[in-house]
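Have the sequence and the 3D view ready.

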Amino acid sequence: MTGPQLNVVLIDDNDDDNFIHRRVVEEVDIDIRLRVFEQAQQALDHLGTTDRDPVDIVFVDISMPRMDGFEFMAAFDQLPRALRVGVVVIFLSVCANPTDIDRALKTAHARGFLNKPLSRAKLTDVFNEYFASTS
């Protein structure tokens with residue numbers, strides 16, 4: 001797949017998952033600039049700045065200390081519209097808890113839910129669904 005670069009933010013407190021997800025991103029045939037944050041507040045601070053690079057997609061782990069994925073999403077929704085528009089947010093979780101899945105799918109502005117770990121197929125599916133017109 002060729003096309004413009006996609007800017008991706010990954011928010012996950014698990015070092016092993018971050019390692020795996022970085023490797024998967026390197027292996028897909030998509031030009032991706034990945035920024036990884038281990039704390040949701042750090043990502044929120046970055047996303048809330050006006051001088052940052054554009055962000056196309058955010059993958060956020062549901063279960064994290066301090067600020068979980070749902071709390072992140074509530075805070076993200078409070079950012080100025082200009083900083084949120086066009087950003088696709090996908091929740092990630094290691095377990096497919098039906099309550100979490102239902103809540104994730106009902107969260108305003110979130111676009112979906114994926115079980116961890118990310119794989120080449122999952123990433124390609126997400127990019128094809130939301131960004132096929134950019135390639």
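Start with strands β3 (residues 57-61) and β4 (residues 88-93): they run parallel and are joined by 5 bridges. One of the bridge pairs is Val58 with Val89 in β4. Strands here are DSSP runs of E with at least two residues, while helices are runs of H or I with at least four, numbered from the N terminus. Two strands count as paired if DSSP finds at least two bridges between them.

This is a predicted model, so local features need pLDDT of at least 70 and side-chain atom pairs pLDDT 80 or more, while totals for chains, interfaces and linings use all residues. Residues are numbered from 1 along each chain as its sequence is written, and side-chain values use heavy atoms, leaving out hydrogens and water.

Zoom out, and you get an open sheet of 5 strands in the order β2-β1-β3-β4-β5, with parallel pairing. β2 (32-37) and β5 (110-115) each have a single partner strand, so one side of each lacks a neighbour in the sheet.

Now for Asp56, which sits in the loop between α2 (40-47) and β3.

| From Asp56 side chain to | Distance |
|---|---|
| Asn7, backbone nitrogen | 2.7 Å |

Conventions. Polar contact = N/O pair within 3.5 Å; in protein donor to acceptor, adjacent residues only side chain to side chain.
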